[in-house]
Amino acid sequence: MAALYGLDGRSDVQVLTPMHKGRGGTEALNESLQDKHSKDAPQIEVASARGQVLRRFRVGVRVMQMKNDYGKNVFNGDVGVVASVDPEIGEVVVGRPTGDRASLSNVDGDAVRLRFRDQVA
């Protein structure tokens with residue numbers, strides 16, 4: 001559909017869904033869209049304490065900060081694009097619309113989320 005209207009599916013389209021969980025929820029849709037738009041890009045996996053992968057972030061995908069982090073000067077609702085990842089040290093560098101970059105070390109899987117979609121109530 002994006003091509004039909006001359007849009008870039010990665011930056012010009014936002015998917016809205018009323019659910020968070022399930023096949024049609026935000027988590028599943030974001031993973032699917034990330035796979036479609038950046039399958040071969042460098043990535044970092046964020047795992048739980050038990051080693052279960054919670055999230056994957058790839059270079060070039062949109063993300064949204066979900067929790068305030070005053071020390072890193074990033075706040076709930078801030079959006080950006082993953083500029084680089086370093087799995088060795090667990091760092092994701094996010095380019096923001098303001099032109100600056102935020103370095104997020106030891107990424108909290110609940111603090112930063114993929115943002116191809118948003119949940120609406």
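Ala, Val, Leu, Ile, Met, Phe, Trp, Tyr, Cys and Pro are counted here as nonpolar, Asp, Glu, Lys and Arg as charged, and the others, including Gly, as polar. The model is predicted, so local features need pLDDT of at least 70 and side-chain atom pairs pLDDT 80 or more, while totals for chains, interfaces and linings use all residues. Residues are numbered from 1 along each chain as its sequence is written, and side-chain values use heavy atoms, without hydrogens and water.

**View 1. Lining of the largest cavity.** Eight nonpolar, two polar and two charged residues line the largest cavity. Among them are Val-63, Met-64, Gln-65, Asp-78 and Arg-96. A cavity is a set of points on a 1 Å grid over the protein atoms alone where a 1.4 Å probe fits but cannot get out; lining residues have an atom within 4 Å of a point. The volume is about 80 Å³, taken as the space filled by probe spheres set on the points, which are joined across faces, edges and corners. Strand E4 (62–65) gives the most to this lining, with three residues. Strands are DSSP runs of at least two residues, numbered from the N terminus.

View 2. Arg-58 lies in strand E3 (residues 53–58). Beyond four places in sequence, its contacts (heavy atoms within 4.5 Å) include Asp-35, Gln-43 and Val-82.

**View 3. The aromatic pair Tyr-70 and Phe-75.** The ring centres are 5.4 Å apart and the planes 65 degrees, an edge-to-face pair (centres within 6.5 Å, planes over 60 degrees apart). Tyr-70 is exposed at 63%, and Phe-75 is partly exposed at 26%.

Technical notes:
Helices (H or I, at least four residues) and strands (E, at least two) are DSSP runs, numbered from the N terminus. Rings of Phe, Tyr and Trp (its six-membered ring) pair if their centres lie within 6.5 Å; planes under 30 degrees apart count as stacked, over 60 as edge-to-face and the rest as tilted. Buried means under 20% relative accessible area, exposed over 50%, partly exposed in between (1.4 Å probe, protein chains only). On a 1 Å grid over the protein atoms alone, a cavity is a set of points where a 1.4 Å probe fits but cannot get out, and a pocket is an open set with protein on both sides within 12 Å along at least five of seven lines; lining residues have an atom within 4 Å of a point.
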